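Work through the exercises below with the model in view. Try each task before reading its solution.

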Amino acid sequence: MRKPLIAGNWKMHKTLVEARELVGGIVEGVGKLDARGGVEVLICTPYTLLFPIAKAVAKTPVMFGAQNVHEESQGAFTGEVSVAMLKDTGCTHVIVGHSERRHVFGEKNDRLAKKVRAVVEAGLTAIYCVGETLDEREAGRTREVIESQMGEVIGPDVPADRLVVAYEPVWAIGTGKTASPEQAQEVHEWIRASLAGTYDRATADRVRILYGGSVKPGNAADLLSLPDVDGALVGGACLVASDFIAIISAAVATVPA
Ligand code: PGA
């Protein structure tokens, strides 16, 4: 049984004052849920917020992480942040290869392979994102794209217990369009098959695969009840505490009592 993970990706949102208010609402909401210990909750904030968020979530079940990292351990990389710097904040997770990193900042699989390794070798968990564009889907290339994003980045040297995969169809991110349950389940099965090829079936069955792309309170239950969907990576809806909590509640409802 894979424990569902609901991760919020704050992207480039929230100043310190705004962040304190949002995280306060999340911590309060999570505290009121009958979570039965069955769902993990994570928020991935901008770098500037990591230290204050560490304080705000201390002694609560809410975990926190970063949205990106540089692959080198240190050096002349103006504007970048290393994994050791992230570890200083006490964060536990790092998103790698979000579609905005791939498509706005030009990060390719070879670089993302180094980032994933930097994260897991430091003992943190990588949330590695994959997903096809609309053109790729319409050209019937979804499986090929997903398999190369998996195969060129995830190898047997990446410890599976420090890996979470997020399937985020690029055409569904921030657009209000969501993959249908059938589309999501199909791609999640391909991702799990790829993991089984890299590791073995039993290991692949332990890795969580999140769905992301316009997850909202209204569609979360349908997506989270799919057999190979083990949680969600939430953008827009994680910026409103009540919406994020509603999505977490939908995940809690999938956990057998
Ligand atoms: P969205 O973003 O929920 O706003 O579509 C998801 C993501 O980019 O991780």
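## Exercises on a predicted model

**Exercise 1.** Work out why the radius of gyration of the chain agrees with that of a compact globule.

*Solution.* The model is predicted. Start with the length: the chain has 257 residues. A compact globule with 257 residues would have a radius of gyration near 18 Å. The chain has 17 Å, so the two agree. The C-alpha trace spans about 50 × 45 × 35 Å along its principal axes.

**Exercise 2.** Describe the make-up of the chain, from its helices and strands to its surface.

*Solution.* Count the elements: 11 helices and 8 strands. Next, take burial: 55% of the 257 residues count as buried. Then turn to contacts with a separation of 6 or more. Residues 24 or more positions apart account for 72% of them. Finish with the surface. The chain exposes about 11,300 Å², and carbon and sulfur atoms supply 53% of that area.

**Exercise 3.** Which residues lie nearest the centre of the largest pocket?

*Solution.* The largest pocket holds about 420 Å³ of space. Its lining has 13 residues. By class, these are 4 nonpolar, 6 polar and 3 charged. Nearest the centre lie Lys11, Met12, Gln67, Arg101 and Phe105.

Notes. Residues are numbered from 1 along each chain as its sequence is written. This is a predicted model: local features need pLDDT of at least 70, side-chain atom pairs count only at pLDDT 80 or more; totals for chains, interfaces and linings use all residues. Side-chain values use heavy atoms; hydrogens and water are left out. On a 1 Å grid over the protein atoms alone, a cavity is a set of points where a 1.4 Å probe fits but cannot get out, and a pocket is an open set with protein on both sides within 12 Å along at least five of seven lines; lining residues have an atom within 4 Å of a point. Grid points are joined across faces, edges and corners, and a volume is the space filled by probe spheres set on the points. Ala, Val, Leu, Ile, Met, Phe, Trp, Tyr, Cys and Pro count as nonpolar, Asp, Glu, Lys and Arg as charged, and the others, Gly among them, as polar. Helices (H or I, at least four residues) and strands (E, at least two) are DSSP runs, numbered from the N terminus. The radius of gyration is taken over C-alpha atoms; the globule rule is 2.2 Å times the number of residues to the power 0.38. Buried means under 20% relative accessible area, exposed over 50%, partly exposed in between (1.4 Å probe, protein chains only). Contact means heavy atoms within 4.5 Å. Accessible areas come from the Shrake-Rupley method with a 1.4 Å probe; for residues, only the protein chains shown count as cover.
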